[in-house]
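Let's take a walk through this structure together.

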Amino acid sequence: MTAPISLKDLTIDNITDNVHAINSQGDNPRLRYILERTVTHLHDLAREVRLTTDEWMTAILFLTKVGQISSDTRQEFILLSDILGLSLLVDSIDHPKPKGSTEGTVLGPFHTHEAEHGDQGTLISHDSDGEPLLVLCTLKDVQGNPIAGAQIDVWETDSKGFYDVQHADRNGPDGRAVLKSDDNGNFWFKAIVPVPYPIPHDGPVGKLLKILNRHPYRPSHMHFMFKKAGYDPLVTALYLKDDPYEATDAVFGVKDSLVVSLQKVQDAEQAKAYNVNVGSALMSYDFVLVTDEAAARLRRQKAEEAIASLEGKFRFIDDLPVPDVD
């Protein structure tokens, strides 16, 4: 039986090692590693900035308010992660993309699992004030082969910049749908032209942005999420070129490869085929998915490159690094 650890005479200099000793008794090596690094960085931060009790309490109360305002339809912690750039960082680490594949971006706090399944050509938005938009897309693998039968979640705001779940009087999902790619990897639907909008800024995250003299706006965009057995899930979005917030997205989601220019439906034949008017706004994009195997291989490679610069020996469990301790 392991003798109990006795902690006494704790100081600024030895508190971190003592916390590690206590926390290292768990059975999960990955959790031990994450917690050890978290405590190390938190303690180093406190020592580096000479954190005061008042500042510590301000942070505690801030996080408390973030939790209190969160709900089934508003995830303020995701919003906080977004405005700190953590969401994009985690997605980029966990879903690395080889050259030629579609890059991912932030999920955002307003995805839901209540969207209705729609057929090709479904109308996802019933906002009569929005400018009609035809969306034509393809889905392929990195070799250019069509991917059939993939599940595709799409969602966007209304013409005023609000998601359906932000309306207290809503009576069902709108501005969102779940589609399937056809045998040729194509999918298309009708929507409205996206508009820029502010992230919810009436809560603690909004107050933080104000203190930092940051605006809360996101550029015009439409969300896409792809799932298909054998392929790495893709969460991404398309952003409209020349949007006023294209270069200053409040949640750091814009990537050059995801910026698109709207086109127009040019001829009567195309308009008839998709039952839209000539001159209607048109968004098109060719999405490319990566196989699970390729993504896992690249994720492992990136992890090995990252830990090569760290002190100590490491091993991998389920392709995740942990210290190699005897």
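Start with Lys-97, which is partly exposed at a relative accessible area of 21%. Here buried means under 20% relative accessible area, exposed means over 50%, and partly exposed is in between (1.4 Å probe, protein chains only). Before going on, know that this is a predicted model, where local features need pLDDT of at least 70 and side-chain atom pairs count only at pLDDT 80 or more, while totals for chains, interfaces and linings use all residues. Residues are numbered from 1 along each chain as its sequence is written, and side-chain values use heavy atoms, with hydrogens and water left out.

So who does Lys-97 pair with? Its side chain meets that of Asp-232 in a salt bridge, at 3.6 Å from N to O. The two sit in distant parts of the chain, 135 residues apart: Lys-97 is in the loop between helix 5 (86–94) and strand 1 (132–141), and Asp-232 is in the loop between strand 7 (221–227) and strand 8 (234–240). Helices (H or I, at least four residues) and strands (E, at least two) are DSSP runs, numbered from the N terminus. Asp-232 is buried, with a relative accessible area of 6%. As for the term, a salt bridge is a side-chain nitrogen of Lys or Arg within 4 Å of a carboxyl oxygen of Asp or Glu. Side chains of opposite charge can pair when their charged atoms come close. By this rule the count comes to 15 salt bridges.

Next up is Glu-114, whose salt bridge with Arg-170 has its closest N and O atoms 2.7 Å apart. This pair also ties together distant parts of the chain: Glu-114 is in the loop between helix 5 and strand 1, Arg-170 is in the loop between strand 2 (151–155) and strand 3 (176–180), and 56 residues separate them. Both count as partly exposed, Glu-114 at 34% and Arg-170 at 28%.

Now compare Asp-249 and Arg-218, another salt bridge, with the closest N and O atoms 2.7 Å apart. Asp-249 is in the loop between strand 8 and strand 9 (259–260), and Arg-218 is in strand 6 (residues 217–218), 31 residues away. Are these two buried or exposed? Asp-249 is buried at 6%, and Arg-218 is buried too, at 2%. Back at Glu-114 and Arg-170, salt bridges that share partners join them with Asp-164 and Arg-176 into one network.

Helix 6 (residues 204–211) is worth a stop as well. Its buried residues are Pro-204, Val-205, Gly-206 and Leu-209, and they pack against helix 3 (53–69) and helix 4 (76–83). Just after helix 6, Asn-213 takes a positive phi of about 55°.

Time to zoom out. The chain has eight helices and 13 strands, and its C-alpha trace spans about 80 × 45 × 35 Å along the principal axes. Of its 326 residues, 40% count as buried. Among contacts (heavy atoms within 4.5 Å) between residues at least 6 apart in sequence, 70% join residues at least 24 apart.

Finally, an unreviewed UniProt entry lists residues 108–289 as "domain: Intradiol ring-cleavage dioxygenases"; such positions are given in the numbering used here, feature names are shortened, and annotations may be inferred rather than shown by experiment. In the model, that span is 8% helix and 32% strand, and its end C-alpha atoms lie 20 Å apart.
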